[in-house]
Amino acid sequence: MALDRWLRIVRLRLASLVHGRAADRDLDEELQFHVEQLTEANIARGLTPDAARRAALLAMDGVAQQKDACRDARGIRVLDEIAADLRYGWRICAKDRVTTAVAVVSLALAIGANTAIFSLLNSLVLRSLPVREPQRLVTVSLSGTGNTTTIGNFPYRIWDEIRRRRELFDGALAWSPTRFDLSAGGETQYVEGLWASGSYFEVLGVPTIVGRPFTTDDDVRGGGRDGAVAVISHGFWQRRFGGDPSAIGRTLTLDGVTFKIVGVTPAQFLGPDVGRAADVTVPLGDDPLIRGRETMLDRLYSNYLTIMLRLKPEQSIDAATAALRGEQPQIRQATLPAAAPHEVLERFLSAPFVLAPAATGTSILRRIYARPLTVVMGVVVLVLLIACANIANLLLARAAARRHEMAVRVALGASRLRLARQLLTESLLLSALGAAAGLAVAAACSRLIVRQLSNHNITVVLDLSPDWRVLLFTALATIATTLLFGVAPARNASSVEPIGALKDDAARPGGGDRRQLRLPGALVAAQVALSLVLVVAAGLFVRTFVALATERLGFDREAVLLVNMNVQRAAIPLPQRLAAHERLRGAVRALPGVAAAALSLVTPVSGSGIVPRIAVSGALPQPDSGLAGNAVMNVVTGGFFDTFGTPLVTGRDFTDRDTAAAPLVAIVNQRLARTFLGETSPLGHIVRIELGANPAEAEIVGVVGDTAYRSIRDGIRPTIYVPLSQFPNQPGGLASIMLSVRARRGSPEQLAREIAATIADADPHVTTTMLPLARQVDASLMQERIVAMLAGFFGALALLLAALGLYGVTSYAVTRRRAEIGIRMALGAAPGGVVRLVLTRVALLVALGIAAGAAVSLWASRFVATLLYGLEPRDPATLIGSAVVLASVGALAGWIPARRAARIDPAQVLRDA
Amino acid sequence: MSKPADLVQGTLDLLLLKILALEPLHGWAISLRLKQVSRDVLQVSDGSLYPALHKLEQHGWISAEWGPTENNRRAKYYSLTRAGRKHLEREAANWHRIAGAITQVVKLKEA
């Protein structure tokens, strides 16, 4: 009933809007009919036709007014007026092309930058996974393990126990990201992959658009009924199979094993790890097919799985945690290592399960970029504010030029509200144009930034399609912008005094009061303040990047090529793998261009590492590091330090005599020696290394220089090196290892082809991936580089906008005061005095702005403290430097119009007056 | 200026709805009927009728349709909608209540 009525009303409004002219004709005809009837009645009463008509019109109380009242009643008058305002605004914009172009372009850049950064933040941090009821998903982790992430926390055996208890929840799933090699041998061809439990698709609620998902029946050790199966992503399906449905049933070679494709996931589902697209998903149970006897399924210490639970509809996260912890004793009992040392057990037993909401999925990328992106978001908001101030000043100047027009309109009876509305409509038109262009800018920018995020190690894929959040953000930004730059001109224009403005000859710019210059001045000072904040931010981030990029690494970044060798597919029995690796190393070292070559498990600043707990005999008392490791470790062959150019300070390198049968030895870095032993020589001390089940004790035989380990930002950590020959039982059974090659001269990349050929000659089943060390180092600074780049770019943009604003306002003031300056000069003022006159005002504005900006910078610096390296957030040099930069830019922007003022010809001015 | 001064606010709506409740009419006929039923007590200018009608239409109380008059001219006929009928009932009840109350007050004064 009520709905009925509302529908009718909506229809009527729409009809009035769409058929505006037809409705007008209707109204004309209706009123006309009444007038005619009335006229006829009057004639019947004996009036002459003329008099009858006049009387009829009189009785109507004015046909035109009634029409207006009717249109008012229909609620279309406001719409009509808005349409008229828009038309008029469009004409004004089209007439004043320069102002319009400047405003629209700066808004497009500013709104575009805001939308771009926001859509990145949105897809990385805010957006929920495109799965069924994502708010019921939680991740599982263990508290107090020193591991702050929820990613890759568990070995298979614990997952096996949790999945047996899935009735505690609405389901459980586990996965581990990986890279599969699609090639048959030789140069690797990687595809982003995912090991996933059989429950993965069902519990997430992700369907397949072609074929079927795999299920728990497929997730069986060694493959289910259909053998090894794979589900591929929509993107991979398109790229590799051109979207052909016959891809189902075809096979893929993953790390040398054949998998049958059974299904394709929908385009919007990229996987549970935000920022990474899982192109090929295979069941966890197929792992032994690839890894054979070293399968992850049997490794007790290899934490590689991320575990997620789906809560029951009414289950709270606390209830679920309690349920899971209730089962924890039994889970521990079932997953106890057979012969674990006491300390390992203790640690393992004391850590309780923790659940955390995971509607937005998990993401390594988020951990790295959420904070920097938030800071950059703040930066672009400031840029938008600066742009607003600029446009407000432009419009104020335009409004001043239109004072005459406004005065005429007021005199003709326009209400002040109506004038303000007119000007606001014009502003809205500008921002809408800017926002529309900004959306295009944003799409390009965010794609560009995402491309920058990818490197040899990670291919970043984010769903950047604008959703309601992004569109709402842009709409709000547009409206806020309009209000910010539109209100001041609107207020100014509507407060125009018709008499004064009309008396003022429009051609004479000397009129008007000084009060009108105050607002632009304040806007410029605010711009200077905001720009200073951005320049300071840019300074801090650029200096952080420079500090990291020039940090002493402790190794030569330019001379080394990193070669990942994988012997998984070569039929080499486990115990002979090390020997095979050594043979390959020998072959490569024999190449004429190679100065040195060494094997290692870890390469510098690769982002990953081995973190054991160590104890040194006769050591100084150490702080308790809890469950976390207190040193970092690398397992290397002799020649490692020569290859990387790391100096041997004292003692010896590993040699061929350090065999498995010989006493265990270790080399430590200077930091470790100083941390644990102070000034005592570490040579001869015994170091106990706890990692996994079997602690080992080795004698320290050498000390090497300090090097960066996992990342440059991590700084120098106590580092221990052990020989590969004595520690060959590594997780993964040495299926893959890093061969680092030092070139005799020139770029190590030149060696790549030769090395690949040598390795292929020795064993064609070995797959290789090459990467210059310099690229790895650059990649490790990617986050800092991007933040420095963005901050630097926006800092420069802010500086430019502030300079333009200052220039505009000053030169406008000079134009307005042309007559005054001319008279001053005629009375004997020197050009220098005129310049000083103009510059005093500029200096005042800049000084005010810098003072305010410095205060804001000092306050805001706390938000970026964690992103900085090598300098304090309140770094005085950066602050002073930025102030100087702004002052010089301000001086330049003020000096140009000041010089123009000094060249005013008094005679000319007096003649004009 | 077009508001009939001595017509209580909102009563014109009530009168129009009541008149249209009897039969669909065009504007001219409504103005004649208005004068006739109120015995010229209520002074409503011919013009101010139309904004009121359009407002009622916008509210969905009445609907309009073009149709031929008795001497074959085209005119816009207004008729009461179902929502309008309900609204009329409510407003009429309201009117009775208020009118009754005012009558009481006026009588009190006389007594």
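Reader: Why is strand E22 (residues 719-723) of chain A described as largely enclosed by the rest of the structure?

Author: In this predicted model, a residue is buried if 20 or more other C-beta atoms lie within 10 Å of its own. Strand E22 of chain A is largely enclosed because the number of its residues that are buried is five of the five.

Reader: Which strand pairs with E22(A) in the parallel sense, and which residue stands opposite A:Ile720?

Author: The parallel pairing is made over five bridges, and the partner of E22(A) is strand E17 (residues 632-636) of chain A. Opposite A:Ile720 of E22(A) stands A:Met633.

Reader: Which strand runs antiparallel to E22(A), and what is the bridge partner of A:Ile667 in E22(A)?

Author: Two bridges join E22(A) to strand E19 (residues 665-669) of chain A, and the two strands run antiparallel. For A:Ile667, the bridge partner in E22(A) is A:Tyr721.

Reader: Is chain A compact or spread out, by its radius of gyration?

Author: Chain A holds 29 helices and 24 strands. Its radius of gyration is 37 Å, whereas the globule rule gives 29 Å for 913 residues. The C-alpha atoms of chain A fill a box of roughly 130 × 80 × 50 Å along the principal axes. Because the radius of gyration is well over the value from the rule, chain A is, compared with a compact globule, more spread out.

Reader: What percentage of the residues of chain A count as buried, and what percentage of its contacts with a separation of 6 or more join residues 24 or more positions apart?

Author: Of the 913 residues in chain A, those that count as buried make up 42%. Among the contacts of chain A with a separation of 6 or more, the share from residues 24 or more positions apart is 84%.

Reader: Which element gives the most to the side of chain A that touches chain B?

Author: The contact takes 23 residues from chain A and 18 residues from chain B. On the chain A side, helix H1 (2-18), helix H2 (20-44) and helix H4 (63-73) are the elements that give two or more residues. By class, that side has 11 nonpolar, six polar and six charged residues. The element that gives the most, with six residues, is H2(A).

Reader: Which helix packs on the open sheet of chain B?

Author: The open sheet has three strands in the order E1-E3-E2, with antiparallel pairing. Its edge strands are E1 (25-26) and E2 (62-68) of chain B, each of which pairs on one side only. Two bridges join E1(B) to strand E3 (residues 74-80) of chain B, where B:His26 has B:Tyr77 as its bridge partner. The helix that packs on the sheet, touching E1, E2 and E3 of chain B and making about 100 degrees with the direction of E3(B), is helix H1 (residues 11-22) of chain B.

Reader: Is B:Gln36 buried or exposed?

Author: B:Gln36 lies in helix H2 (residues 27-37) of chain B. Because B:Gln36 has 10 C-beta neighbours inside 10 Å, it counts as exposed.

Technical notes:
Residues are numbered from 1 along each chain as its sequence is written. Chains are lettered from A and ligands numbered from 1 in the order in which they are written. This is a predicted model: local features need pLDDT of at least 70, side-chain atom pairs count only at pLDDT 80 or more; totals for chains, interfaces and linings use all residues. Helices (H or I, at least four residues) and strands (E, at least two) are DSSP runs, numbered from the N terminus. A residue is buried if 20 or more other C-beta atoms lie within 10 Å of its own, exposed if 12 or fewer, and partly exposed in between; C-beta atoms are placed from the backbone. Two residues are in contact if their C-beta atoms, placed from the backbone, lie within 7 Å. Ala, Val, Leu, Ile, Met, Phe, Trp, Tyr, Cys and Pro count as nonpolar, Asp, Glu, Lys and Arg as charged, and the others, Gly among them, as polar. Two strands pair if DSSP finds at least two bridges between them. The radius of gyration is taken over C-alpha atoms; the globule rule is 2.2 Å times the number of residues to the power 0.38. Axes are lines fitted to C-alpha atoms, for helices over the stretch in contact, and angles run from 0 to 180 degrees between N-to-C directions.
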